[in-house]
Amino acid sequence: MQEVEGRVLEQFIYDGVSLADANAMRRLPPVHRDLFDDFVFAATAVVVGESDWSRFPIACLGYMSAVHGDLTLVPPLIPPDIADVVADVLLHFTPFKSGDERVADGSRINEGQYRLAEELFTRLGGDRGDGARAAGARAHSRMMSARIADGFVHPVIGAHIWSDVPAAPRPHPGSGPEVTVLELVEGLLARWRQFPVERAGVERDILTEARSIGWSGVRAPMATDGLSGWYAHPPEGAGVTGREAHATSDNPARSVVDEQARPRHEDR
């Protein structure tokens, strides 16, 4: 994700943001969290118009290689429920083999991988009866909003990536807040660009919207009650990562490991 965010920051500099301000907009997320967010970003790229279906198996292979096949560790500030969903899907993933039939748009993705992609989208994005692609767009939105809320990307850089989804479904009352919020975020980003004196307030508004989405409401089948709806306080200074998280459940005091991941069995 840092590579994508770096390109966005570079564009802001070309558009007039000072080097000092650009430096203050940089963040340094924990490596595992960055890899996890990058996986969700790449895996859902096809549903927001950023790639074709071949990106999904590439994302799966890349993430499993990066974590050396150990899917028991939970990335910083990711609810264990979410890590469980991703781990479950990846445990059933098998590489494309010679002779496999290509499906979907003719990309290098076989039937089994395509079904896993649909499963991941639906389980992370929620089933609203509008199909796996719409669910994938909601998963993409949840990942980016959580990344902003957790303090791992500057609100404006995150908002640019969050709302720049040309193939996302058109918002309607049944599409969920993950989709309906995108137009609002796009408007906030435009206001930030147009009115420099309002930037601090706009950044707070983006954080507010990000906290309203995140990974809230997503549950794995065996999830323990009270683990959904996590978010972190925004950083207090440039380059500071989120360090506290709170559950919006009946157990708001539940602690979350920030700098170090932990095995899922500790949360059972």
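## Residue classes and model

In this report, Ala, Val, Leu, Ile, Met, Phe, Trp, Tyr, Cys and Pro count as nonpolar, Asp, Glu, Lys and Arg count as charged, and the others, Gly among them, count as polar. The structure described here is a predicted model.

## The largest cavity

A search of the whole structure finds two cavities of 30 Å³ or more. The largest cavity has a volume of about 50 Å³. Its lining is made up of H32, F36, Y63, V67, D70, L71, L73, P75, A83, V86 and A87. Two or more residues of this lining come from each of α3 and α5 (80-91). The most is given by α5, which supplies three residues.

By class, the lining of the largest cavity holds nine nonpolar residues, one polar residue and one charged residue.

## The largest pocket

The largest pocket contains about 280 Å³ of space. Its lining consists of 15 residues, and those that lie nearest the centre of the pocket are V4, R7, F41, E50 and I161. The elements giving two or more residues to this lining are α1 (2-14), α3 (31-43) and α8. Of the lining of the largest pocket, the largest share comes from α1, with four residues.

Sorted by class, the lining of the largest pocket has seven nonpolar, two polar and six charged residues.

## Helices α3 and α7

Helix α3 packs against helix α7 (residues 132-149) at an angle of about 155°, and the axes of the two helices are 9 Å apart. Angles over 145 degrees count as roughly antiparallel, so α3 is roughly antiparallel to α7. The crossing of this pair is left-handed.

On the α3 side, the contact is made by R33, D34, D37, V40 and F41, while α7 contributes A139, H140, M143, A146 and R147. The residues in this contact of α3 with α7 are five nonpolar, one polar and four charged. F41 of α3 takes part in this contact, and F41 is also one of the residues nearest the centre of the largest pocket.

## Helices α7 and α9

Helix α7 also meets helix α9 (residues 177-194): the axes of α7 and α9 come within 8 Å and cross at roughly 65°. The crossing of α7 and α9 is left-handed.

In this contact, R138, S141 and R142 of α7 meet E178, V179, V181 and L182 of α9. Three nonpolar, one polar and three charged residues make up the contact of α7 with α9.

## Helices α8 and α10

The axes of helix α8 (residues 155-163) and helix α10 (residues 199-211) come within 9 Å, and they cross at roughly 55°. The helices α8 and α10 are therefore oblique to each other. Their crossing is left-handed.

From α8, the residues P155, V156, A159 and W162 make the contact, and from α10 the residues E203, I206, L207, E209 and A210. The contact of α8 with α10 contains seven nonpolar residues, no polar residues and two charged residues. Helix α8 is also among the elements that give two or more residues to the lining of the largest pocket.

Note on methods:
Residues numbered from 1 in each chain as written. Predicted model: local features only at pLDDT ≥ 70, side-chain atom pairs only at ≥ 80, totals over all residues. Heavy atoms only, no water. Axes fitted to C-alpha atoms, helices over the stretch in contact; angles between N-to-C directions. Parallel < 35°, antiparallel > 145°, perpendicular 65-115°, else oblique. Left-handed = near helix turned anticlockwise from the far one by under 90°. Contact = heavy atoms within 4.5 Å. 1 Å grid on protein atoms, 1.4 Å probe; cavity = no way out; pocket = protein on both sides within 12 Å on 5 of 7 lines; lining within 4 Å. Points joined across faces, edges and corners; volume = space filled by probe spheres on them.
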